[in-house]
Amino acid sequence: MSIETVSETKCFGGKQGVYKHASEATGTDMTFAVFVPEHTPGEKLPVLWWLSGLTCTHENAMIKCHYHQACAEHGVIFVGPDTSPRGESVPDDEAYDFGQGAGFYVNATQDPWAKHFHMRSYVEDELPALVAKNFPVDMERQGISGHSMGGHGALTVSLRNPGRFRSTSAFAPIVSPLHCPWGEKALTGYIGDDRHAWREYDACALIADGARLPDLLVDQGRADDFLDEQLKTHLLEEAVREAGMDATIRLQEGYDHSYFFVSTFIAEHVAWHAKRLKA
């Protein structure tokens, strides 16, 4: 479980690093980013996992999200993996919403994707074990968040692992891949035609099937071009209401789908997570 340091830079008193390792889950090298705030030697810190969206790498959030100051203030480690396996031997698709850069945080069962596209196992199992071994994280205090496809990942990972995460949030998440073009394309390609098998990758379906979170924070821009066709936030509102699940779902006037939107509210999300991670 060794890692290679790609870069490390001092930031807000802490250290922003980029690291690489050979992944057993994907059969490829994987790159991820970690921000570790300034802390007392030997101190273990809570960790916030961040899952990025379509076309993104580990770098997008690191450069555009502006989480560093808030994480430094609240003493929270921030971990951002890539969105898919990559490399010349890894299958790809010409479209931006499938293949490399679009892993959808699933374990693919269909060829040719099944050999490498095991992002569910990577973010649920392999990467947490790797981070726990190499960084000063308190694995009893984990939160998870993400944007768009990564918001879908954050919701489904948390719902499938009750008790692991003290806090869950999302920005403009794909709330129901069963009911949107992005999800139907990805899940058909990676998982196959059995729509029942898709339910474990659909936040609304997981809630309908009995999964629960102790609390949830979601921000969605009203000016998001993807809101009506792809994101369908109203389906999540309906699911949590019918389940009687505590959730704060905020529709933010004038904001779109970009990292300008994410960076506007990321400090609020970090503070929201920190309050629960330190309780």
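This is a chat about a predicted model of one protein chain.

User: What does the secondary structure of the protein chain come to?

Analyst: The chain has 10 helices and nine strands. Keep in mind that this is a predicted model.

User: What radius of gyration does the chain have, and what would a compact globule have?

Analyst: The chain has 17 Å. A compact globule of 279 residues would have a radius near 19 Å, so the value agrees with that. Along the principal axes, the C-alpha atoms fill a box of roughly 50 × 45 × 35 Å.

User: How much of it is buried?

Analyst: Buried residues are 57% of the 279.

User: Let's pick a residue. Where is Gln142, and is it buried or exposed?

Analyst: Gln142 sits in strand β6, residues 137-146. Its relative accessible area is 5%, and the cut-off for buried is under 20%, so Gln142 is buried.

User: What does its side chain make a polar contact with?

Analyst: The partner is the side chain of Trp49, at 2.9 Å. Setting aside residues up to four places away in sequence, Gln142 also touches others, including Val47, Arg164, Phe165 and Leu277.

User: Switching to Leu227. Which helix is that in?

Analyst: Leu227 is in helix α8, which covers residues 227-231. It counts as buried because its relative accessibility is 16%.

User: Which residues is Leu227 in contact with, apart from neighbours within four places?

Analyst: Those are Gln220, Gly221, Arg222, Lys232 and Thr233.

User: Lys232 is on that list. Where is its place, and what is its phi?

Analyst: Lys232 is in the loop between α8 and α9. Its phi is near 50°, which is positive although the residue is not glycine. With a relative accessible area of 22%, Lys232 is partly exposed.

User: Which other residue has a positive phi near 75°?

Analyst: That is Thr55, also not a glycine. Thr55 belongs to the loop between β4 (45-51) and α1 (59-64). At 49% relative accessibility, it counts as partly exposed.

User: Last one: which peptide bond is cis?

Analyst: The bond from Asp111 to Pro112 is cis, with omega near 0°. Pro112 is in the loop between β5 (77-81) and α3 (119-134).

Definitions and conventions
Residues are numbered from 1 along each chain as its sequence is written. This is a predicted model: local features need pLDDT of at least 70, side-chain atom pairs count only at pLDDT 80 or more; totals for chains, interfaces and linings use all residues. Side-chain values use heavy atoms; hydrogens and water are left out. Helices (H or I, at least four residues) and strands (E, at least two) are DSSP runs, numbered from the N terminus. The radius of gyration is taken over C-alpha atoms; the globule rule is 2.2 Å times the number of residues to the power 0.38. Buried means under 20% relative accessible area, exposed over 50%, partly exposed in between (1.4 Å probe, protein chains only). Contact means heavy atoms within 4.5 Å. A polar contact is a pair of N or O atoms within 3.5 Å; within protein, one must be able to donate a hydrogen and the other to accept it, and residues adjacent in sequence count only if both atoms are side-chain atoms.
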